Amino acid sequence: MRIGNLNYVKPQSLGEACAFLAEHGQSATVLAGGSDVLVSLKQKRVTPEIIIDIRGLDELGQVDFADDNSLRIGSLVTVDRVASDGRIQQTFPGLAEAALSIGAVQHRTMGTVGGNICLDTRCWFFNQALSWRKARPVCTKLGGDVCHVVNKGGGVCYAAFSADLATALVAMDAEVVLCSKSGERTVPLHEFYTGDGVRPNIRRPDEIIRELKISASPDTVKSAYVKRRVRDAIDFGQAGVAIALWLDKKTSAIKKARLVLSCLGTSPLRVPDAEAMLLTGEITEKVLQEIQRAASGVAKPVKNVYGASVSYRKKMAGVLAVEGIERLLNLHEGNRTLETDRG
Amino acid sequence: MRKLKQALTLNVNKEIYEVFVEPSRTLLEVLRDELSLTGAKEGCGQGECGSCTVLIDGRPELACLLLAATAQGHEIMTIEGLADADANGIDPLQESFIEKGAVQCGFCTPGMILSAKALLNQNPHPNREEIKRGIAGNLCRCTGYQMVVDAVESASQCATVKKK
């Protein structure tokens, strides 16, 4: 697969990159790790006139922990760094787990946090080379008005959101900082995503992601990421759940909870009912069952992901949610606050 | 007149090359077609098989998903560069791959060995689970992986494994 002719520029600073984008944004593609962009280029799903290569910009490659455990992660920090950084593993293990679940070693050394945040939505039709897609009319995601995956799709795109690290960051209530020549803006990460398979996030063509921020908390934060896929590496997920719990330091009561699904819709999906149930006090078997039901209820997968049926993935949403909570709160055989066995 | 090509300077296996190519050429294309370093292979071209794995500043990366232009300013090592770095002429990993029968058709082997090399540089004595995780990005259709894991384990037990 040869990529067609294009121009290539390598800005030496974030400011220079923003200036390039201000001028060429509409016909430019930003290149960081390249593990997704290069495939898009080869399959001619995107045909920019110019590539803006931001790999190596040190100012975007920092992991900054403050004394209060608030965290700023530059957009060019590699996924591998997030997976292997000792302090991230200790303070926000959910992020490290999500990062470790991405691709395989090579994808993690190349891939970046910003790249995962901006990961395009996926679908078995869309993610094919032009020569293959030409056999059918242009689909909704690429400007047409038909969806080849969901029969009644028409003008709506159901492409799946499968970015693991992004989902884990949503669960941490992270914020994303976007910068452009005209300034900076900070958006809660959950609001960065639109739920629209065609345009999954609100990044403007002239913007670059600068960093992700997780604010400090007086509570004990517990986090986890659970993912189900066919193989243990390389594959995208069929279902994923990111969980974060904020526990009172003195009483260990859960004060805030976030439960977010990946791979089961066109954006990361929060499960507010499950989150509310986690605040009710004792996590009994009944509560776990309610959480399981709530998570599966929110999951809205369509048949655009390989290897598992829609109903299986929907069920896995609930199973993974419970698995994650049990692990986080140590709710195993001896420790469970149950009256009867789950069987 | 449109200028389609530009000069790139690449540091490959400790030698500096200047090539004149379109900026859209991947590192894999340039290694194979311009530099005749055909060790790295194109198995899928889209980052799902690992047969194009090379080391960039010691990290395993996929040459089919790197623009050659991006690789400028970094130390690129291909399988060809592994062999002559050690005084004995071949790396202990290469020797153990041969000994343990980890090479059948050989297509995955360059990428597989470089991933293993990166693993051993970071974790000189991995257990079998860690080895499997370290080579999880490299597919092999011949061996069934057991001999590959045996070879990496054997090389890690070899006292003369040196960090590259």
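In this predicted model, Glu61(B) forms a salt bridge with Arg55(A), and their closest N and O atoms lie 2.6 Å apart. Here a salt bridge is a side-chain nitrogen of Lys or Arg within 4 Å of a carboxyl oxygen of Asp or Glu. By that rule, 2 salt bridges are found across the interface of chain B and chain A. The contact draws 33 residues from chain B and 28 residues from chain A, where contact means heavy atoms within 4.5 Å. About 2,600 Å² is buried between chain B and chain A, and carbon and sulfur atoms give 55% of that area. Buried area is the accessible area (1.4 Å probe) that two parts lose on being put together, summed over both.

Now to the helices within chain B. Helix H3 (residues 92–99) of chain B packs on H4(B) at an angle of about 125 degrees, with their axes 10 Å apart. Helices (H or I, at least four residues) are DSSP runs, numbered from the N terminus, while axes are lines fitted to C-alpha atoms over the stretch in contact, with angles from 0 to 180 degrees between N-to-C directions. H3(B) and H4(B) are therefore oblique to each other; angles under 35 degrees count as roughly parallel, over 145 as roughly antiparallel, 65 to 115 as roughly perpendicular and the rest as oblique. Their crossing is right-handed, a term used when the near helix is turned clockwise from the far one by less than a right angle. Leu93(B), Gln94(B) and Phe97(B) are the residues that H3(B) brings to this contact. By class, the contact of H3(B) with H4(B) has 6 nonpolar, 2 polar and 1 charged residues. Ala, Val, Leu, Ile, Met, Phe, Trp, Tyr, Cys and Pro count as nonpolar, Asp, Glu, Lys and Arg as charged, and the others, Gly among them, as polar.

Helix H4 (residues 109–122) of chain B also packs with helix H6 (residues 146–157) of chain B, at about 40 degrees and with axes 11 Å apart. That angle makes H4(B) oblique to H6(B). Contributors from H4(B) include Met112(B) and Ala116(B), and those from H6(B) include Val148(B) and Val152(B). This contact has 7 nonpolar, 1 polar and no charged residues.

In chain A, helix H12 (residues 285–298) and helix H13 (residues 310–328) pack at about 140 degrees, with their axes 7 Å apart. H12(A) passes H13(A) in a right-handed crossing. The residues of this contact divide into 8 nonpolar, 4 polar and 3 charged.

Residues are numbered from 1 along each chain as its sequence is written, and chains are lettered from A and ligands numbered from 1 in the order in which they are written. Local features need pLDDT of at least 70, side-chain atom pairs count only at pLDDT 80 or more, and totals for chains, interfaces and linings use all residues, while side-chain values use heavy atoms, leaving out hydrogens and water.

Notes: Helix = DSSP H or I, 4+ residues; strand = E, 2+ residues; numbered from the N terminus.
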